Amino acid sequence: MSRLARTERLPMLHSLPVIQPDSFRSRVQSPRGSRSGPPADRTTCASRAASASGISTRCARSALPNIGECWEEATATFMILGDVCTRHCGYCAVSHGKPVWEDREEPERIGRAVADLGLEYVVITSVNRDDLADGGAAHWAATVRAVGRQAPRCRVEVLIPDFQGSTASLETVIAAGPNVLNHNTETVPRLYKLARHGGRYERTLGLFRHARTVAPALPTKSGIMLGLGETRDELAATMRDLRGVDVEILTLGQYLRPSAQHLPVEKYYHPDEFAELR
């Protein structure tokens, strides 16, 4: 992955740490070695503090490999609205089923945790909650506002679900004042039925199109996983589509299979290929 560029349009974004090509090359050759080493002391303390506050970090819940790097950069991703998703995507390690969780105090707890941990940049994400009338949008907005009240210097990126195409839910989140609006495209259109159960490619593009209409100055971001079987031409076409709806930031990452029950990795991309795609 490449370092996020600072631009006049996006003065609030922090540069992200870069995984150097030499270290990534060994990871490509040996997927078992793709996880980072033991987290630093700050990571351990911060993770325990988050657990003690009764909140869930996406980093820990989904066994993400770069958790140590994130905490060292005073960055964390918090997953709200429980840990059971109403969808069953072929690449995701989060549990799926019928959610029964509801915690109206969660937004304030996350706000306090962000302040107590001295975080400078947080990403808020969630499971899909298609069982809720608004997809959880009101809870999203309450969480963004709680962080803004209790840690006003912290930047907030929201990594939102598609809310089943509800523009009202999208506008509810935007109205809360996040610094960056992120929604992952994840893969190319042909692979949506295989990888993104319940997702719709056109719905993703529509989300960004509507966001630009109602909040022209809000930076928009998306991410694509590589290695699910997409072709180079399909990837290029998807990138053009995202630029067509004015997505400003795009991250490309190697898909790593969470378990034998998930979709297999069709290809490990070489660092030179990431450089070309950049």
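Colleague: What does Arg-149 form a salt bridge with?

Modeller: With Glu-108; the closest N and O atoms are 2.2 Å apart. A salt bridge here is a side-chain nitrogen of Lys or Arg within 4 Å of a carboxyl oxygen of Asp or Glu. This is a predicted model, so local features need pLDDT of at least 70, side-chain atom pairs count only at pLDDT 80 or more, and totals for chains, interfaces and linings use all residues. Residues are numbered from 1 along each chain as its sequence is written, and side-chain values use heavy atoms, with hydrogens and water left out.

Colleague: Which parts does that pair tie together?

Modeller: Arg-149 lies in helix α6 (residues 137–150) and Glu-108 in helix α5 (residues 106–117), so the pair links parts 41 residues apart in sequence. Helices (H or I, at least four residues) and strands (E, at least two) are DSSP runs, numbered from the N terminus.

Colleague: Is Arg-149 buried or exposed?

Modeller: Exposed, at 52% relative accessibility. Glu-108 is partly exposed, at 27%. Buried means under 20% relative accessible area, exposed over 50%, and partly exposed in between (1.4 Å probe, protein chains only).

Colleague: How many salt bridges does the structure hold?

Modeller: It holds 11. One of them joins the side chains of Arg-212 and Glu-248, at 3.1 Å from N to O. Arg-212 sits in helix α9 (residues 201–214) and Glu-248 in the loop between α10 and β9, so parts 36 residues apart in sequence are tied together. Arg-212 is buried, with a relative accessible area of 15%. Glu-248 is partly exposed, at 26%.

Colleague: New topic. In what sense do β8 and β9 pair?

Modeller: Parallel, over 6 bridges. Strand β8 covers residues 220–226 and strand β9 residues 249–254. Two strands pair if DSSP finds at least two bridges between them. From β8 the chain crosses through helix α10 (residues 232–244) to β9, in a right-handed β-α-β crossover. Right-handed means that, with the strands pointing away from the viewer, the path from the first strand over the helix to the second runs clockwise.

Colleague: And how many residues has the largest nonpolar core?

Modeller: It has 44 residues. Those with the most contacts inside it include Val-114, Trp-140 and Leu-226. A nonpolar core is a set of buried Ala, Val, Leu, Ile, Met, Phe, Trp, Tyr and Cys residues joined through side-chain atoms within 4.5 Å. A second, separate core of 8 residues includes Leu-191 and Met-225.
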